[in-house]
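Hi,

Here is the structure I promised to pass on. Have a look at it first, and then read my notes below.

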Amino acid sequence: MIASLAGQASPARVFACSAPHTAEMITDLSLRSYEYRAQVLRMVYERKSGHIGGAFSIAEILACLYFHHLRLDPANPGWNDRDRLVFSKGHACAMLYTCLAHRGYFPVSELPTFRGLNSRLQGHPEPQKTPGVEVAAGPLGHGVAIASGMALAARMDGSSRRIYAILGDGELNSGVIWEGLMVGAKFALDNLTVIVDYNGVQQTGTTRHIMPTEPIADKWASFNWHVIEIHGHNVGEILAALDLSNEIHGRPVVIIARTTKGKGVSFMENQPAWHGGVPDEKQFLSALAELEERTSEWKV
Amino acid sequence: MESLIRSPFGSPVLIRKAYGEALVQLGAQRDDVVVLSADVQNSDFSFMFEAAYPHRFINVGIAEPALVDVAVGLANAGKVAIANTFAFLFTTRALEMVRTHVCYGGANVKLAAAYAGLSDSFDGPTHQSISDLAILRSLPKMTIVVPADSLAVRKLLPQVVAWSGPAYFRMCRNELPQIFTECYEPEIGKGITLIDGEDATVIACGVMVCRSIEAAQMLMRKGIRLRVVEMHTVKPLDVELIVRCARETGAIVTAEEHSVIGGLGGAVAECLSQCAPVPMERVGVNDTFAESGPYSELLDKYGLSAHAVVAAVENALERKLASSPHITSEVFE
């Protein structure tokens with residue numbers, strides 16, 4: 001399967017922004033989320049470096065955004081009225097790069113260069129190197145404030161483009177996140193949707209143990225954000241929440257997506273060790289087998 | 001050639017007011033300019049832009065990290081985002097955002113740094129900024145510009161805004177004498193020889209330009225001809241001019257309202273040590289925090305007087321003469 005992905009000449013199927021959420025779409029996006037996890041696994045395994053856990057927890061969310069919801073033109077990455085995606089949890093960029101490649105921003109055959117010398121695919125996102133990447137990210141906590149600036153610019157331009165940001169839950173520990181929340185609320189940025197990949201695990205333990213963030217929905221609501229909570233691996237729920245977020249007026253929207261770190265590989269799920277862990281050969285083959293099994297389940 | 005400097009200097013002008021006026025003018029010329037503040041717009045006079053263009057002014061509150069991050073977001077959409085706060089805050093609290101999102105990310109954000117050097121004199125060392133040049137000079141892609149009077153603010157700010165990529169515009173809080181005549185035409189990246197001389201060169205920026213001119217006049221009375229170069233762009237450095245001055249005058253002094261470590265003096269020393277080693281002295285704050293007090297007296301106390309420039313030039317000259325081949329051959333004879 002990996003070989004067939006790498007050899008793929010044309011970009012993957014894209015469902016138009018206006019397309020209804022059919023069972024076929026949901027199946028397709030769910031299935032490719034597992035294919036892309038396998039791609040990420042291969043990238044990290046071959047480079048012996050990268051972040052699998054947090055990449056696996058956002059697979060469905062990114063698939064829904066890049067292959068249906070976002071208004072983009074990969075042939076013209078600088079198109080000023082494109083929707084923006086701020087990838088705040090930069091460490092999980094192996095999944096971002098995989099989506100960008102399959103969306104047509106650069107060849108899928110370039111993915112194995114991830115984190116290598118002379119690659120456009122840096123260890124953390126760099127906008128001037130990688131087509132489709134909007135801002136530098138890696139040091140955590142900046143997504144909301146940067147996205148707020150983009151949302152303000154869209155409003156000044158009278159543009160209907162929308163701004164999205166994907167955060168990890170661990171980065172909610174960072175103070176600048178809450179500065180961004182206040183900016184978004186002050187300016188009532190209803191063209192802004194933030195998605196929190198709430199997988200409950202950060203580098204050295206559970207978020208509950210390291211720095212408790214609950215009640216997270218109440219916190220965002222008290223900052224005057226509209227809060228939507230979903231199951232973050234359920235494609236139908238993700239698609240519905242993204243649509244709903246576009247209908248809220250007068251307030252920015254946060255989608256709290258309850259996810260599983262390392263989703264899809266049983267021995268990686270909910271384990272802090274797989275935040276930045278690299279599989280050995282046995283683990284790699286075992287993980288790949290599980291992901292292929294999940295993929296084939298969706299094909300049925 | 002018409003003189004670039006006034007004699008005598010024109011009456012002092014409040015630099016931040018000149019900045020506010022220059023911002024308003026830019027707002028009229030370019031509708032892509034957006035001004036941001038971390039709630040100090042009445043300090044740095046960016047409130048003048050707010051009054052003229054309220055829809056292009058954003059106050060993020062006392063939140064310097066958000067100030068820079070929001071500016072990065074605006075820049076992503078093609079705006080020229082001018083972020084305003086105190087110099088020390090850009091280079092301490094907001095440094096991560098400046099490094100990662102502005103420099104590494106290549107965002108077209110301009111950092112308008114108010115109250116730089118010792119110029120927030122009464123507020124004391126918590127608010128003074130004597131390490132900003134050292135910190136920012138080490139960041140790839142950063143451009144650093146330091147205007148020396150109100151005319152320089154007016155002529156350099158539009159260039160900074162038109163400059164592609166990150167830039168830091170470092171300004172004094174207070175009144176400075178009007179140094180330059182209308183013939184002054186600065187260009188980012190090019191130093192300017194204000195006074196010619198062959199005995200030694202002083203390379204200065206900001207408030208130390210007028211003090212270096214005064215030093216040249218004092219030295220003239222002693223028969224020493226000091227060349228005065230204004231280095232308004234600390235990065236990228238005008239290496240060619242510095243090397244030429246070293247070869248032609250054989251002694252270099254730098255003068256800046258900054259620590260002697262890592263600022264203009266550091267930059268010039270790096271250049272000379274590699275390209276044209278000559279005796280060199282640095283005038284600046286001598287690796288210490290200053291204190292509260294009236295601006296001019298504070299500058300004097302912390303080694304930034306015209307007399308300090310004179311003394312540094314004399315030291316450099318002494319070393320130049322001691323190391324000249326002529327003197328050496330006499331010793332061996």
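Seven strands of chain B make an open sheet in the order β3-β2-β4-β5-β7-β6-β12, with mixed pairing. Strands here are DSSP runs of E with at least two residues, helices are runs of H or I with at least four, and both are numbered from the N terminus. Two strands count as paired if DSSP finds at least two bridges between them. From one strand to the next, the twist averages 20°.

Before you go further, please keep in mind that this is a predicted model: local features need pLDDT of at least 70, side-chain atom pairs count only at pLDDT 80 or more, and totals for chains, interfaces and linings use all residues. Residues are numbered from 1 along each chain as its sequence is written, while chains are lettered from A and ligands numbered from 1 in the order in which they are written.

Back to the sheet, and to β2 in particular. Which strands does β2(B) pair with? One is β4 (residues 80–86) of chain B, parallel to β2(B) over five bridges, where V35(B) has I82(B) as its bridge partner. Another is β3 (residues 57–59) of chain B, also parallel, joined by three bridges; there S37(B) stands opposite N59(B). At the β12 end, strand β6 (residues 143–145) of chain B runs antiparallel to β12(B) with two bridges, and V145(B) is partnered by T233(B).

There is also an open sheet of five strands in chain B, in the order β9-β11-β10-β13-β14, and its pairing is mixed too. β9 (192–195) and β14 (280–285) of chain B stand at the edges with a single partner strand each, so one side of each has no neighbour in the sheet. Ignoring direction, neighbouring strands are turned by 25° against each other on average. Inside this sheet, β10 (200–204) of chain B has five of its five residues buried: A200(B), V202(B) and A204(B) on one side, T201(B) and I203(B) on the other. β10(B) pairs with β11(B) in the parallel sense over five bridges, and I203(B) sits opposite V229(B). Strand β13 (residues 252–259) of chain B is joined to β14(B) by five bridges, again parallel, with T254(B) opposite R282(B).

Now the helices of chain B. Helix α9 (residues 208–221) lies across β9, β10, β11, β13 and β14, running at about 170° to β11(B). Angles run from 0 to 180 degrees between N-to-C directions, with axes fitted to C-alpha atoms (for helices, over the stretch in contact). Helix α11 (residues 264–275) has buried residues including L264(B), V268(B) and L272(B), and what covers them includes β10, β12, β13 and β14 of chain B. Helices α4 (residues 64–76) and α6 (residues 95–104) of chain B pack at about 5° with their axes 9 Å apart, and are therefore roughly parallel (under 35 degrees; over 145 is roughly antiparallel, 65 to 115 roughly perpendicular, the rest oblique). Their contact is made by P65(B), V68(B), D69(B) and V72(B) of α4(B) and M97(B), V98(B), H101(B) and V102(B) of α6(B); contact means C-beta atoms, placed from the backbone, within 7 Å.

Finally, how do the chains meet? In all, 27 residues of chain A are in contact with 25 residues of chain B. On the chain A side, α6 (143–157) and α7 (175–186) are the elements that give two or more residues, and α6(A) has the largest share, eleven residues.

Happy browsing!

Notes:
Two residues are in contact if their C-beta atoms, placed from the backbone, lie within 7 Å. A residue is buried if 20 or more other C-beta atoms lie within 10 Å of its own, exposed if 12 or fewer, and partly exposed in between; C-beta atoms are placed from the backbone.
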